[in-house]
Amino acid sequence: MEATAGQRAALGMICDTFVPGSSELGAVDTIFRILGRNPREAEVKQLGMLLGLWDSRVTGLLTGNGLRRFSTLSQEQREAALLRMGDSGLAPVRAIFQALKGAALLAYNVTPDADGSNPLWERIGYPAPVGPLPGAAQPALSPLRFTENTTLTCDVVIIGSGAGGGAAAAVLAEAGLDVIVLERGEYYDDKDFGKGELEGLTTLYAPGPAASAEGQMNLVAGTCLGGGTVVNWSTSLPTPDGVRQEWAELGVPQFATAEFGDALAAVSKRINITDSRSPLSPRDSVLERGAQALGWDVDALPRNVTDACDAGIECGRCGYGCRVGAKQSVTKTWLADAAGHGARLVVDANVRRIEVRNGRAETVSARTSNGAEITVRARAVVVAAGAIQTPALLRRSGLRNKNIGRHLRLHPAAAVFGVFDEEIRPWEGALQARISRHHADLDGKGYGVIYETGPTHPGLGTGFMAWRGAAEFQRTMRDFARSNAVGVITRDRDSGTVTVDGKGEPIVKYTLSDYDANHLHTGIAGAAQILEAAGARRIFSGHQAGVSYEPGVRGSHAEFEAACRQAGYGPGRCSMGALHIMGSARMGGSPELSATNPDGVTWDVANIVVADGSSFPTAPGVNPMVTIEAIAYMNAKRLAAQLV
């Protein structure tokens, strides 16, 4: 987006209202840098229109200022205007506020100044980007990049190189098939990591959609060779037995048999799942001691790392890539195996369409960032582009099964923060080392919440926070080094959708149902209990209403819970994120109930196989990486048996 001077000035005023000094730091440039990656032209145009009108009298009516221009207001009046938007009874207005809030707070917290630091980082002791590790290994893979129109031929073309695409590539290449993997992102390895949050967010994470259309949920997914496995938090949990049985009863019997069990075992071995590298950090010790004080279960989390993992300072940075090469992402494992068996890996290849003729996929068309066209002719196509891009691609390619894009699950996640007397430094420590399942089954059917922590950096951490004014937010951030977030991850029973706009780009629609909201509320109340039992002196949720209490000083847990319930869980009411995106092209026993058959083959086209998180029949209720890899392994084995 080429911003006008007026649009830049408007965004500067907005940013400086949320956090004074933002525009001077360079937050406006950061926002336009992030916005420039957004593939949805409609969203970019909408923001441009909003900024163009922001300092008009018309927008004064929207913000409750009568006909007064925003530029004529004092700082206090500007803050009040934004808060009126955040507290509005109209969901679309709250969505605008959340989008502006998220952009402004993120941009301030991740933008380095001319010296490579940031005033916030200096106040809280957060390190500036450290750069690559001296002596980091050279990249092990040699992916192809095309700058001119190219046509390729193979047995199987795989779209997406993440957990699903990587595992499928290894299985198919080892079976002797000629495999090409197309990845829309770039290849980054050990020596590319350590450049800080801003660089990590703009190179390793998906450019959009950034949120669901209603503003209910922030969406986070990886986009690079290796996909989410490069940036995820290494938690390696198998598919729960109850979930496997549920999926079998939905028409995919092998989930309850040794076939899928063997796939889980193969994944566990290949990515080196271990429970010996999960030591307690100050962050996870809060979860453990709080849960134990309440008499709740708490267990160590297995992780896919080698002994090179320090499970400490380095490990906390791994959400932006592992500098020491310890995390066993698919680039280190499955894709390396695939390349060793002759698979060709192609980066900067944004697949736009699968050409289907006479009921069979014949070619795949991709486009590079400089406009070169890549055409791949193949006997079979494996789609593993993730649960947002996979259904969008299938729709762009003319597939019409009604379940493509339906049954989207997001594991809605929220956080409750506790401020302690001691320093926590929540950005350090093993990525995730403890879990409590105390409320995992709230309905007798396996639906509820789990409690985990994760490395909380100043940028992404703000995505789970409210904003009640600049001064209060700055006080919250000054306490950041002594704060700890307990994450609440909901196994959602109900679902959303993925559709496409006129350009074929995905639109995510997801509104938390009352059923799932009740479970999330139980989790938020439970997380506060954990923090209080662990000794937090101040506890606050992500509700925009600004819900907090100070145990023994101000308020009580009962009052906190009541205030959270009253604040609600509708769009814009409570900050939520979706780090696990699943189910939008699910496997099942019939075309009436699913997008693919028990082999993962689309009902519409017999040689298109889906092998990623979109395959999930329902939400698993645990971190999904291992399950995705096991499904891809299983589906690829079945495909190989047909092709070899």
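User: What makes β8 and β9 a strand pair, and which way do they run?

Analyst: Bear in mind that this is a predicted model. Pairing takes at least two bridges; seven join β8 (residues 350-357) to β9 (residues 360-367), so they pair, and they run antiparallel. One of the bridge partners in β9 is Ala 366, which sits across from Val 351. The two strands form a hairpin with two residues between them, and Asn 358 in the turn has a positive phi of about 50°.

User: Why is the contact between Glu 362 and Arg 357 called a salt bridge?

Analyst: The cut-off is 4 Å between the side-chain nitrogen and a carboxyl oxygen. Here the closest N and O atoms are 3.1 Å apart, so the pair qualifies.

User: What makes Arg 554 and Glu 550 a salt bridge?

Analyst: Their closest N and O atoms are 3.0 Å apart, and the limit is 4 Å, so they count. Arg 554 is partly exposed at 34%, and so is Glu 550 at 25%. Elsewhere, salt bridges with shared partners link Arg 40, Glu 43 and Asp 501 into one network.

User: Which residues touch the most other members of the largest nonpolar core?

Analyst: Val 156, Ile 158, Leu 172, Val 179 and Val 382, out of 53 residues. As for elements, α22 gives the largest share, twelve residues. Val 156 has contacts including Leu 172, Val 179, Val 382 and Leu 639.

Note on methods: Residues numbered from 1 in each chain as written. Predicted model: local features only at pLDDT ≥ 70, side-chain atom pairs only at ≥ 80, totals over all residues. Heavy atoms only, no water. Helix = DSSP H or I, 4+ residues; strand = E, 2+ residues; numbered from the N terminus. Core = buried A, V, L, I, M, F, W, Y, C linked by side-chain atoms within 4.5 Å. Buried < 20%, exposed > 50% of the residue type's maximum accessible area, 1.4 Å probe, protein only. Contact = heavy atoms within 4.5 Å. Lists of a residue's contacts leave out its neighbours within four places in sequence.
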